[in-house]
Amino acid sequence: MKPHRIILALLASVLLGSALPAQTAPATSWPTYNGDYSGRRFSPLKDINDANVSSLAVAWTYKIDLGGRSQRIEATPLEINGILYFTVPNHVRAVDARTGKQIWQFDWKSKGGLLIGNRGVAVDGASVYFESPDCNLVALNIKDGTELWHSSICDMDQMYYSSTAPVVVKNHVIVGVSGDDLDIPGYTEALDPQTGKMQWRWYTHPNPGDPEAKSWPNTEAMMHGGGMVWVPGTYDPTLNLYYFGTGNAQPVTNGRDRPGANLYTGCIIAINPDTGKMKWYFQPNPHDTHDWDAVQTPVLFDGVISGKPRKLLAQASRNGWFFVVDRTNGKAIVSAPYAKTDWALGVGANGSPIPNPDKMPQENGALVEPNQGGASNWPPPSFDPQTGLFYTDATDAYSIYYIFDDSPKPEGWAGNDRGGFSRTIVKALDYKTGKPRWAHPWPNNASGRSGILSTAGNLVFLGDPSGNLVAFNAATGDIVWHASLGGDLSNGPMTYELDGRQYLVVAANGGLSAFTRH
């Protein structure tokens, strides 16, 4: 960040009660989607810990009011100077983090778009940013929620929509777009935080003539090949690299007309946020024919591999494989299944799994594990630097994948899956091997997904399939506390400290619940 921008941001923080950038924010707050730029969703707070977690009780609740309509909250609230900021599609709320009382609300007059969910807001200085389903980035005044400006980031007429949370990196608001799987290209772009003017756009396909373009049969297929960016990325300020995952290739299930790895779909990408230039890529999911993508959070941490310190990036990918790569260059270190998976013949020299043609969708069906929902999905994982463990949901699930459209040039889905048995196990993975240090299957083979939070109090928080918020001992996997939410947890838990008191906030049943020690 340029010196004059740092001074302005500090002044805005003092005068308007706004935020500092995530790299300078205090550890007691939660200023960005994952808490900080690393994506670890680990909090150093330990007022709530494994010795006293049984004393947790509800401090306040907040219910979304949309004229009698309930709305699932998939956003992770940001906590900045005692105020929570969060979204549901087309709506932003600011709520007192001590009491749960609403401070302001903003309601976007939408022209349409898919209301599948919204991951939340980003904050920089005196502005709150969110993406509307009808393809706009909207900037609000953090003080009262009035609109400052909005800028188009995609074309709804081409079946794009917006659902992710923006990420502010230096003087860039980085956004991703979603699409309705109808043969359009994915991309991410950066906008000026003061004006909304586009600074750069990076498409999730190679340029014609690049060596990677040979991973497609022809330019036409490549330029319409998908790869949507619908989960927020992470950032390393030292390397000045922004990391994010890309979605599935298109047509979604019938990939016969697009032989090859289909770069840069199903990839983890490292990009320079100042220029929009790619530094490296790694492909967890080559030639995706199961709608698995690779958008799951790329988690950044430093570790030791073969006795040497390394800068690492880990992802529990939707296809059932766990990957650890060197985040300076994208070279694979660990490629290992973390859930039941049978679709790969092995691992290539570059660390990517090798797809088994027999497990690709067929006219008469192919039995495959995992299912279309995947071993994990968008709910974020967590990494605890104290235990060295990577915490994730791992769903063992079977589906039969069919091809419906066997024409020479299928479009859209061109097929689908029919689900079968499914069960979810919470796993704590050793990042050096990908093997579980502990695992907790939910009773009765239940299946459910939840975002995860780990803390310095030796605790891991997440939701179970029965509508409970559950706390695990981070080191052993023992359940040490739970509380009923009356419905499935719909976002990733987050935590913050105010007046010396730690709060834990989760969403369920169209509302927020805050817990603290009593």
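In this predicted model, strand β13 (residues 172-176) and strand β15 run antiparallel and are joined by four bridges. Within that pairing, Val175 stands opposite Glu189 in β15. Strand β15 also has a partner in strand β16 (residues 198-203): five bridges join the two, which again run antiparallel. Here Tyr187 stands opposite Tyr203 in β16. β15 and β16 form a hairpin with six residues between them, and Gly196 in the turn has a positive phi of about 80°.

How much of β15 is covered? The strand, residues 187-191, is mostly covered, with five of its five residues buried. In a regular strand the side chains alternate between the two faces of the sheet. In β15, Tyr187, Glu189 and Leu191 point one way while Thr188 and Ala190 point the other, and all are buried.

Now to the cysteines. The structure holds one disulfide, and it joins Cys135 to Cys154 with an S to S distance of 2.1 Å. The pair links distant parts of the chain, 19 residues apart: Cys135 lies in the loop between β8 (127-132) and β9 (136-141), and Cys154 in the loop between β10 (147-152) and β11 (160-161). The torsion about the S-S bond of Cys135 and Cys154 is about -100°, so the disulfide is left-handed. Cys135 is buried at 2% relative accessible area, and Cys154 is buried at 9%. Another cysteine, Cys267, is buried with a relative accessible area of 0%.

Charged pairs come next. A search of the whole structure finds 18 salt bridges, including these:

| Glu74 | Arg72 | 3.1 Å |

Glu74 is buried, at 9% relative accessible area, whereas Arg72 is partly exposed at 44%.

Glu220 is exposed at 51%, and Lys409 is exposed at 57%.

Are Asp236 and Arg327 buried or exposed? Asp236 counts as buried at 6% relative accessibility, and Arg327 counts as buried at 6%.

Key. Residues numbered from 1 in each chain as written. Predicted model: local features only at pLDDT ≥ 70, side-chain atom pairs only at ≥ 80, totals over all residues. Heavy atoms only, no water. Disulfide = S-S within 2.5 Å. Buried < 20%, exposed > 50% of the residue type's maximum accessible area, 1.4 Å probe, protein only. Pairing = 2+ DSSP bridges. Salt bridge = Lys/Arg side-chain N within 4 Å of Asp/Glu carboxyl O.
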